[in-house]
Amino acid sequence: MVAHGLATRVISSGVWVGSTSTGLGADTAPWWHSERVSPSTALLTDHYELTMLQAALAAGTAQRRAVFELFPRRLPEGRRYGVVAGVGRALDAFESFRFDDEVLGVLDEGRVVDEATLAWLADYEFTGDIWGYAEGETYFPYSPLVVVESTFAEAVLLETLLLSIYNHDSAIASAASRMTFAAGDRPCIEMGSRRTHEEAAVASARAAYVAGFASSSNLAARQRHGVPTAGTSAHSFTLLHDTEADAFRAQVDSLGRGTTLLVDTYDIAEAVRLGVEIAGTELGAVRIDSGDLGALARQVRDQLDDLGARDTRIVVTSDLDEHAIASLASAPVDAYGVGTQLVTGSGHPTCGFVYKLVAREGGDGAMVSVAKKSKDKASVGGRKFALRRRDRHGTAEAEVVGIGSAPEDDGDDRSLLVPLVEDGEVVGREPLEAARARHADSRAELPLAAQMMSRGEPVIKTIHLGG
């Protein structure tokens with residue numbers, strides 16, 4: 001039971017459905033949001049966040065002003081840039097971060113913290129400010145991706161929640177960005193739902209869309225975030241029918257001639273012939289899901305052209321990553337379907353972001369820079385400001401991080417930190433399309449080396465000033 005005497009809160013019951021969209025690509029509240037409240041996100045955290053709080057409350061240091069920073073010490077090995085994603089999801093989770101009766105009951109029953117801490121948590125409310133890189137922005141080592149300014153007690157509790165969202169979504173977006181770079185003007189379709197946790201699948205679809213993917217197979221991503229969805233049939237649909245012709249005819253009759261037929265269940269050449277025979281030259285596309293995709297695409301393109309289906313597109317799938325996509329650049333492929341490699345970050349399923357205290361209130365009331373000095377895990381103390389230094393042609397030259405004050409803009413530079421939360425209220429929410437457009441712009445200003453799929457160092461250096 002919750003400790004006697006704790007303040008109670010009345011929360012209307014309801015099922016969480018997350019953000020949805022009233023228009024393509026917009027993270028907005030559903031129409032029934034006013035009648036239903038999302039479950040608390042306060043328990044999506046580590047036990048030690050609360051035991052630190054208890055000890056700080058007892059020591060009288062919990063209310064000291066503090067600055068926390070979420071940042072990467074390095075890029076994943078071999079990567080030349082990273083992509084910030086999950087900002088909108090983090091803001092949603094922040095708004096639901098509360099210690100209601102159910103959450104307090106769990107903490108009390110498990111004796112996670114003492115009664116004095118439970119009483120403090122019952123009245124928890126974040127009153128500070130949060131700054132951060134906007135969603136879709138590119139980042140580099142030591143970029144101050146999130147800056148949280150509040151009391152120690154209020155800010156320390158957000159560590160695990162922010163890290164879990166940013167680390168996952170940014171890893172997916174970073175992989176997706178490399179894939180869409182490699183694909184050029186050819187669209188990429190996210191289709192990894194069956195290869196990851198069901199909630200990670202939704203977040204992955206959203207992050208991939210930010211980084212340039214055209215659509216997803218995941219319908220929850222459509223509902224919550226307005227991500228366009230696409231899909232037609234799997235091999236099981238063909239195997240269900242007595243003949244491949246029966247399967248194709250059923251699909252075309254139901255979904256129209258513009259549908260995409262999966263042609264590698266049996267014999268590809270025969271399937272292509274049947275597809276054009278049944279759907280006519282208006283057949284929308286064929287999908288190849290196995291074999292030497294480059295060679296098969298050339299054969300299928302020649303066959304389609306010979307049959308008069310010159311506008312029928314070729315979609316390829318089958319464990320594609322950015323390297324496989326790049327290798328198909330000269331093949332007559334019109335679109336790529338990407339699953340496993342996307343939702344696992346193409347070998348880097350996390351970004352290695354950390355959340356560290358970088359400044360705190362001293363005994364005299366002034367702010368004091370603090371930093372971890374551990375070998376290989378050092379941090380840089382002080383409240384950070386950041387800008388992207390660019391040359392007169394608009395090409396990025398460096399990530400400039402000012403300690404204690406903003407770096408001077410020479411006229412071609414671009415400030416990177418934007419307000420996300422002011423005085424405890426979310427101010428940084430934006431449509432998903434804005435993040436998608438930002439990513440395209442941010443990536444376009446990087447040096448040409450960013451487009452290379454080979455392993456390499458970050459394409460721009462990080463410079464710290466002041467401190």
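A search of the whole structure, a predicted model, finds 2 cavities of 30 Å³ or more. A cavity is a set of points on a 1 Å grid over the protein atoms alone where a 1.4 Å probe fits but cannot get out, and lining residues have an atom within 4 Å of a point. Grid points are joined across faces, edges and corners, and a volume is the space filled by probe spheres set on the points. Residues are numbered from 1 along each chain as its sequence is written. Because the model is predicted, local features need pLDDT of at least 70 and side-chain atom pairs count only at pLDDT 80 or more, while totals for chains, interfaces and linings use all residues; side-chain values use heavy atoms, leaving out hydrogens and water.

The largest cavity has a volume of about 70 Å³. Its lining consists of V87, A90, L91, F94, I130, V146, L162, Y166 and L420. Two elements give two or more residues to this lining: helix 2 (87–95) and helix 6 (159–183). Helix 2 gives the most, with 4 residues. Helices (H or I, at least four residues) and strands (E, at least two) are DSSP runs, numbered from the N terminus.

What classes of residue line the largest cavity? The lining has 9 nonpolar residues, no polar and no charged. Here Ala, Val, Leu, Ile, Met, Phe, Trp, Tyr, Cys and Pro count as nonpolar, Asp, Glu, Lys and Arg as charged, and the others, Gly among them, as polar.

The second largest cavity holds about 30 Å³ of space. P76, R79, Y81, G82, Y139, A171, S174, H348, T350 and C351 line it. This lining divides into 5 nonpolar, 4 polar and 1 charged residues.

**Rings and charges**

The whole structure contains 10 aromatic pairs. Rings of Phe, Tyr and Trp (its six-membered ring) pair if their centres lie within 6.5 Å; planes under 30 degrees apart count as stacked, over 60 as edge-to-face and the rest as tilted. One of the pairs is F71 with Y142: the ring centres are 5.7 Å apart and the planes are at 20°, so the pair is stacked. F71 lies in strand 1 (residues 65–72), and Y142 in the loop between strand 4 (138–139) and strand 5 (146–151), so the pair ties together parts that are 71 residues apart in sequence.

Y142 is partly exposed, at 22% relative accessible area. Buried means under 20% relative accessible area, exposed over 50%, and partly exposed in between (1.4 Å probe, protein chains only).

F97, F99, W120 and Y124 form one aromatic cluster. Charges also sit over rings. R383 has its charged end over the ring of F385, 4.2 Å from the centre. R436 lies over the face of Y209, at 4.1 Å from the ring centre. The test asks that NZ of Lys or CZ of Arg be within 6 Å of the ring centre and within 35 degrees of the ring normal.

An open sheet of 4 strands has the order 16-14-15-19, with mixed pairing. Its edge strands are strand 16 and strand 19 (461–466), each pairing on one side only. Two strands pair if DSSP finds at least two bridges between them. The table lists the pairings.

| Strands | Sense | Bridges | Opposite residues |
|---|---|---|---|
| 14 (384–390) and 15 (396–403) | antiparallel | 7 | A386 and V401 |
| 14 and 16 (414–415) | antiparallel | 2 | R388 and R414 |

Strand 14 and strand 15 form a hairpin with 5 residues between them. In its turn, G394 has a positive phi of about 90°.

Strand 9 (residues 285–288) is covered on both faces. A285 and R287 are buried on one side, and V286 and I288 are buried on the other. T260 has A285 as its bridge partner in strand 9.

Helix 7 (residues 198–210) contains A205. A205 counts as buried, at 1% relative accessibility. A205 and A230 are 25 residues apart in sequence, and their C-alpha atoms are 12 Å apart in space.

Notes: On a 1 Å grid over the protein atoms alone, a cavity is a set of points where a 1.4 Å probe fits but cannot get out, and a pocket is an open set with protein on both sides within 12 Å along at least five of seven lines; lining residues have an atom within 4 Å of a point.
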